[in-house]
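Here is a short briefing on a two-chain model. Look over the sequence and structure, then read on.

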Amino acid sequence: MPSSSLVPTRRELLLGSSALFAWALVPGKVRAEGRDPRFLTIVLRGAADGLAVVAPVGDPDWLKLRGDKALTLDGQTPALPLDGFFALNPAMPNLHRLYQAGQATIVHAVATPYRERSHFDGQDVLESGQAKPGAVDTGWLNRALAALEPGERVGTPGRQAFAVGPIAPLVVRGRAPVLAWVPPRLPPVGDDTTMRLIDLYNHTDPALARALEERIGLAAVARASGMTSELDDDRPAVQIGGIEQVRKYFAEAAGAAAKFLARAEGPRVGALALDGWDTHVNEGAVKGRLANLLGALDGAIAEIETNMGDPWRETVVVFVTEFGRTARINGNDGTDHGTATVAILAGGALKGGRVLADWPGLKDTDLHERRDLRATTDLRAVLKGLLKDHLRLDDPVLGTEVFPDSLNVPPMPGLLA
Amino acid sequence: MACDPREAALALHRFGFGPRAGSIMAIAPDPRGALLAELELPDAGQIASADLQSSAAANRAVFEYNAERAANEKRERHRREAAAQVAMQNAGGEASMEAKPDAPPPTPSQPEAVPLPRQLFRKEAKAHFDAAINAEIGLVERLVWFWSNHFCVNADATVMAGGYEREAIRPHVLGRFSDMLLAVEGHPAMLLYLNNEQSVGPESVAGINRDKGLNENLAREILELHTLGVRTVYTQADVTNFAKVLTGWTILPTVSNPDHGGEFVFLRRAHEPGAQTLIGNTYTDGGVGQGCSVLADLARHPATAKHVATKLVHHFIADDPPSELIDRLTQRYLDTEGDLKEVVTALITAPEAWAPEQAKIKRPGEWIVAALRATGETADIVRIIRAQALLGEPLWRPPAPKGFSDDNAAWLDGLGQRLEIANGFAHREALGHEPEAVMEAALGPLASAETRRAIARAESRPQALALLLMAPEFQRR
């Protein structure tokens, strides 16, 4: 893809914004320090299984909980050691390298204030920054941008955020104008969507089920997606021909965001959403669907780092998801909707190489409602910590405007180098 | 009248273009009555748009456009050749370095304007889709689409495809079949598409002078596809004789008729003289009237009645239509001399038309329109055209004169592509839609427990919307 296609045309600018040309957002306070920070938020929609991304291999109850689905340091595909207690999914060597270089941080047992288990409501809380579902007009990142004291700016009356995707994620929508860039490639139809549809057809419309199965040439996979539990982890991953597409889309979308943020006159804050994390059936954490997705995400991280170039030094990328998944494996070798999960932070501006967790434990009584990893860190504290130290937003604004009613959730200190 | 939201939803999907927000409840008090009322609307089936040219005017405009473009290209070629010659003469001299004939001044490539034929096509396509998207229920528009496909032409053969639908199909969808037949077979778009404009009677003046002859294409397709139906009551001799009857039905050439080029003309000079016999009837030579008489007889033939009734039931009800229903519609057709409003009324009021099973898969265009109606979204016409083409049903470009298939099997193959489009649409448009609200609006009581569950459990709103658009109750009608 020629890089010129990444430059927004006038039409693309108009698409998502009333601003006619890009404005390099450099908050006044930050400029005074001689910095030019970049901040990218990536929403993983569908509730990513934090325990399968970063596993508590040092917890004595870990193996009991996940059995042969548990990531371990000595398995056939060993997890990548982080700090002795936690280990990273082996599908993420790039993130591991960044961690070792002090440029990635994991926050574990973290969750938004939302304690129900609906994706839509959970995503709304995650992205709106509100304590409860229901408000879906503006996102916390946009409000953060709107609250920033602009430094020197050129020409336009507004501040600009950047969004990748046909529709801007809620997190970045709001009063501050959004520059939207639509990748030439639409998000591919994920394996998960196809499987759900085949499952629906199998229960209601065999003719359509047959047609779709034949169309994708994978009747066997469809059978596997039916509610049989005879599968084991050695079975090839569920592949409906989608993962290569997903890999490309993740890399292209994230890579494009990085290119925009890297530009001298580009936006400084951006967001995108990557779907597909709702792993109810055949999760495949070590080898399989989730491993494939995490591999694609790892590729996206590498793409961001590369495309960011020198400004990577001043970059923070945060990966967040609406909630975690059940601590135990369910009857379909998957996991159901849960509570706490991980947040992944990457970027040259971080004081990384750490896993931050007030670990709640995995015993039956430790678990939230005896089923989910308990949340011991409020995700808003992490995000507020980043916004405070990286973009220099102050506590009252963060506690009232950006994350309303969160003055009692102090920003997490010390995340930045 | 009992309130019947289930039958209302079925009415909207089966006989219309699918529900919009609120339309299920709006017609629930009397779904069948609401369908029949649509047939009584003033100007039902008509499109009023000052923006659209007549097909003949479009034909002339495109002719002029092409002529000008050809002239411009030729002028440019001459200019380059002249420059080359100058360079040749200067060859060896110092000037040759400056006057390079093969390097015209580099002009930044301007985004080329949309060519006129495509502009006209898009305008017509937009009018065609807008009428479906904006209809209350859409029964009359569904009839327009049905008849436009029954009497299809191809936009690759003529720029008049859109105008043809407005001029030959729309005025008659609730009128008499015989009137539509006459309008269609005499329309320049059809004459061009099925090559009758070149068909010359071998014994006509033009035929003798120019040593030209018959083209049977139109005559055969009228008998086989438009009226009696294949393998019915006609023979090869009937086809040939009918072709002779139709000689002289042609188009005024635009090159010599700046004001009326592209319009129908009966050219006696090309018309085969004499009486012709067709399916046992003899038609004396009355010029254009000879063809009109044959078409009138074909329209009232029982085989035509049965063919039309079968196709209607096949389109609206099932691939293996109940024969009682076909018989009832055939009889209604014969009793009313092919009054299409009466035939459709017979269809709507027949108990067999209301089987709860949604036996038919929506055709691609129907599904696209249904998706737009369900979400209330608008889409750029280019995007609609591309999506429909991707799903195997390019607008006004059927693979053959038979039109697009009305069998489920033909469209099942495209299910994967539908999923791609649903997914893309959901990611573009899901903003602001509560999937469950869209489901209630679009399916209401038709939504199965399984579909409800799948949508409630989707991992994101876009996924939920994609699943809704792909749900069997939404794919079928």
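A polar contact is a pair of N or O atoms within 3.5 Å; within protein, one must be able to donate a hydrogen and the other to accept it, and residues adjacent in sequence count only if both atoms are side-chain atoms. By that rule, 12 residue pairs are in polar contact across the interface of chain B and chain A, both residues at pLDDT 80 or more. The model is predicted: local features need pLDDT of at least 70, side-chain atom pairs count only at pLDDT 80 or more, and totals for chains, interfaces and linings use all residues. Residues are numbered from 1 along each chain as its sequence is written, and side-chain values use heavy atoms, without hydrogens and water.

**Interface**
- α20 (415-429), α22 (449-456), α23 (461-470) and α24 (472-475) of chain B each give at least two residues to the side that touches chain A.
- α20(B) provides the largest share, 10 residues.
- That side of chain B has 15 nonpolar, 10 polar and 9 charged residues (Ala, Val, Leu, Ile, Met, Phe, Trp, Tyr, Cys and Pro are nonpolar; Asp, Glu, Lys and Arg charged; the others, Gly among them, polar).

**Salt bridges**
- The interface holds 2 salt bridges (a side-chain nitrogen of Lys or Arg within 4 Å of a carboxyl oxygen of Asp or Glu).
- Asp205(A) forms a salt bridge with Arg476(B), with the closest N and O atoms 2.5 Å apart.

**Chain B**
- Chain B has 24 helices and 4 strands (DSSP runs: helices H or I, at least four residues; strands E, at least two; numbered from the N terminus).

How values were computed:
Chains lettered and ligands numbered in written order.
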